[in-house]
Amino acid sequence: MLYLAKMAKRALFISLATLGLGSLAVAQTTGVGTWPSQKPIRLIAVFPPGGSVDQVARVFAPALQSELKQNVIVENIGGASGVIGTSAMTRADADGYTFAVVFDTHGVNPSLKDKLPYDTIKDIAPVILVGTSPMVLVASKNSGITSFKQLVEMSKAGKQFSYGSIGIGSLGHLAMARLAKQAGFDWNHIPYRGGGPLMQDALGGQVQLAIGSEFLVKPHIESGSIIPLVITTTKRVPGLPNVPTVSESGFPGFSAPAWWAILAPGKTPPAIVDAMNKALNKALKTPAVAEKFKSQGIEIVGGSPETAREFIGKQIGIWGKFVIENNIKETSQ
């Protein structure tokens, strides 16, 4: 009996040990383990402070902290239309503690830049498509421009205008280049390092026109500091109901929405990508995030990492083709 009791005890010990090893194996297989309890999460905003990318990151941060029970630190690494910040993200450890908030320039950079410091497919794992928004063309108050119709008429008459965007190859730049091509005239492009510096000059009258996301320009429109002229989506938006679309202003079918996404280093374990995706989707449904984005004109998309991957791939194809066909160079103005 004593022998049987010892054997039973040994069997129980082996069974429990096996169970423990099994749990460890599951943790190693999923790649989640104790994530995200080990250290703060770094959320890189790939443009300078003050722009829409920075604002999206800072709206998300407290909601993610609440959901994940971990500190979320926003770090601005701007420059090169988002390439420098994205590159910093791809070089980080793929352990689930570094992510990047990118803008629509991410879909243009592969065809615009001669050589990126990362592979857009292999080195990057899309986590979520945050949302989309119209781009808004605005005029400074001292420009003398009060409507898009007036701007087009004056441009066709030969008057030259300058407009600012967040950089060469940004969606704002490409949208204006496409519009100018359709209209048969040209405007001088002034690239900025981000939405913050662009808005400073638009508000101060240093640049006549500026194109930015509704998220970026709406607060300044509401304060009366700049004049909205036209939006780049096919339909008017609730946040700016009196601002016409490019399509209804003489250029049918014109569409160029802005977008934001969150990415991770390419080798980040799929389980962590999925876990972060779920946390971000939950954050998008919280009143603090949803109402803020809605008030600034962002139409929330959310969904799976695959949804983000497919959308970004299509954007790379659409605008990459435009860049190549129109011979747009990074050094062009």
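Okay, a bit of housekeeping. What you see is a predicted model, where local features need pLDDT of at least 70, side-chain atom pairs count only at pLDDT 80 or more, and totals for chains, interfaces and linings use all residues. Residues are numbered from 1 along each chain as its sequence is written, and side-chain values use heavy atoms, with hydrogens and water left out.

Let's start with the overall picture. The protein has 11 helices and 11 strands; these are DSSP runs numbered from the N terminus, with helices being H or I of at least four residues and strands being E of at least two. It has 333 residues, and 50% of them count as buried. Buried here means under 20% relative accessible area, exposed means over 50%, and partly exposed is in between, using a 1.4 Å probe and protein chains only. Now contacts, meaning heavy atoms within 4.5 Å. Take the contacts between residues at least 6 apart in sequence: 79% of those join residues at least 24 apart.

Ile-41 belongs to strand 1, residues 41–45, and is buried, at a relative accessible area of 0%. Val-72 is 31 residues away along the chain, yet the C-alpha atoms of Ile-41 and Val-72 are separated by 4.7 Å. If we skip neighbours within four places in sequence, the contacts of Ile-41 include Trp-35, Leu-68, Val-72, Tyr-97 and Phe-99.

On to the aromatic rings. A pair of rings is described by how far apart the centres are and by the angle of the planes. The rule takes rings of Phe, Tyr and Trp (its six-membered ring) with centres within 6.5 Å; planes under 30 degrees apart are stacked, over 60 edge-to-face, and the rest tilted. That gives 9 aromatic pairs. One of them is Phe-60 with Phe-293, edge-to-face, at 5.6 Å centre to centre and 75° between the planes. So which parts of the chain does this pair tie together? Phe-60 is in helix 2 (residues 52–68) and Phe-293 is in helix 10 (residues 287–295), so the pair connects parts 233 residues apart in sequence. Phe-60 is buried at 0% relative accessibility, and Phe-293 is buried at 0% too.

Phe-293 has another partner: its ring centre is 6.0 Å from that of Phe-215, and the planes are at 65°, so this pair is edge-to-face. Phe-215 sits in helix 8 (residues 214–222), 78 residues from Phe-293 in helix 10, so again distant parts of the chain are linked. Phe-215 also counts as buried, at 0% relative accessibility. Zooming out, Phe-47, Phe-60, Phe-103, Phe-215, Trp-260 and Phe-293 form one aromatic cluster.

Some rings have a charge over them, which needs NZ of Lys or CZ of Arg within 6 Å of the ring centre and within 35 degrees of the ring normal. The charged end of Lys-159 is over the ring of Phe-161, 5.6 Å from its centre. Likewise, Arg-178 has its charged end over the ring of Phe-254, 4.8 Å from the centre.

On a 1 Å grid over the protein atoms alone, a cavity is a set of points where a 1.4 Å probe fits but cannot get out, while a pocket is an open set with protein on both sides within 12 Å along at least five of seven lines; lining residues have an atom within 4 Å of a point. Points are joined across faces, edges and corners, and volume is the space filled by probe spheres set on them.

How many cavities of 30 Å³ or more turn up in the whole structure? There are 2. The largest cavity holds about 80 Å³, and its lining includes Phe-47 and Phe-103, both members of that aromatic cluster. Strand 8 gives the largest share of this lining, 3 residues.

The second largest cavity is about 50 Å³. Phe-254 is among its lining residues, and that's the ring under Arg-178. Helix 6 (residues 171–183) gives the largest share here, 3 residues.

Last stop, the largest pocket, with about 370 Å³ of space. It's lined by 19 residues, and Pro-134, Val-237, Pro-238, Gly-297 and Glu-299 lie nearest its centre. Strand 4 (124–133), helix 8 and helix 10 each give two or more residues to that lining.
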